[in-house]
Amino acid sequence: MKPLLIILMLGNLMWIVPTGTAPNRTRPYNPTRGMANARSSSVIDSVSARDARQTVINFLVWYKKHCLAANRILLVNQRAGQPYSVNLKNGERYLTYLDSSHRLTNGYLDRWRTFFRERDAAFRLHPQYEGPPGGFEFDLVMLNQDVDKQLASLRSLTMGKVTITNGQAIVGFTLLDAYEFRLVRQNGHWLIDEILNQSQE
């Protein structure tokens, strides 16, 4: 509580007279408040990191189980004597199948739709008649040509650092290749928005 002071001027003399106390409108100093907030923030970050990491693991487990079925959907028309073309209808089937994992953003799926259209235009501009179709020489999810071997070794998955900033997370891990999964928080859940194979870049 701070005292109230009244200043009286009598001639050339100044008197300061205390008249009582006024309530202190500032909060009392609590040296542990900052520590408590830091602990709370740390716990939240830890839980978010754990959830983001678990989203990645759950998706990899799902993809291991469904990879073969996904890759049976033919994305490129390869008829003898005719130039290759992207089967856009099957492309939608493929993306719908991936979306059934419930762990991918619409943005992730839309980027592949754009890729399919761009590759189809490229095949028309530069016809290809034989060999592995350009842009489709690898597994589109893991961006790797040895995806079977890779997913078979899922038990040896090594998780790395998780970084969380403003509702976005980056999860690093190694599964034969080094990866970075980028996630976003939507409706209280982490969803995968981008998959980068850093070993193949």
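Predicted model: local features only at pLDDT ≥ 70, side-chain atom pairs only at ≥ 80, totals over all residues.

Student: Fine. How many helices and strands does the chain have?

Tutor: There are 4 helices and 8 strands, taken as DSSP runs numbered from the N terminus (helices are H or I, at least four residues; strands are E, at least two). From the N terminus the order is β-β-α-β-β-α-α-α-β-β-β-β.

Student: And how much of the chain is buried?

Tutor: Buried residues come to 34% of the 201. Buried is under 20% relative accessible area, exposed is over 50%, and partly exposed is in between, with a 1.4 Å probe and protein chains only.

Student: Now the helices. At what angle do H2 and H3 cross?

Tutor: Roughly 160 degrees, and the axes of H2 (residues 88–99) and H3 (residues 106–125) come within 10 Å. Axes are lines fitted to C-alpha atoms, over the stretch in contact for helices, with angles from 0 to 180 degrees between N-to-C directions.

Student: Which residues meet there?

Tutor: From H2, Leu88, Gly91, Glu92, Tyr94, Leu95 and Asp99; from H3, Leu109, Trp112, Arg113, Phe116, Arg117 and Asp120. Contact means heavy atoms within 4.5 Å. The residues of this H2 contact with H3 split into 6 nonpolar, 1 polar and 5 charged. Ala, Val, Leu, Ile, Met, Phe, Trp, Tyr, Cys and Pro count as nonpolar, Asp, Glu, Lys and Arg as charged, and the others, Gly among them, as polar.

Student: Switching topic: which residues touch the most other members of the largest nonpolar core?

Tutor: Phe59, Tyr63, Tyr94, Phe116, Val141 and Phe181, out of 42 residues in that core. H1 gives the most to this core, with 9 residues. Such a core is a set of buried Ala, Val, Leu, Ile, Met, Phe, Trp, Tyr and Cys residues joined through side-chain atoms within 4.5 Å.

Student: What does Phe59 touch?

Tutor: Leaving out residues up to four places away in sequence, Phe59 touches Ser101, Arg103, Leu104, Val141, Phe181, Ile192 and Ile195.

Student: And Leu60, buried or exposed?

Tutor: Buried, at a relative accessible area of 0%. Leu60 lies in H1, and beyond its neighbours within four places in sequence, Leu60 contacts Met142, Leu151, Leu154, Leu157, Phe173 and Phe181.

How values were computed: Residues numbered from 1 in each chain as written. Heavy atoms only, no water.
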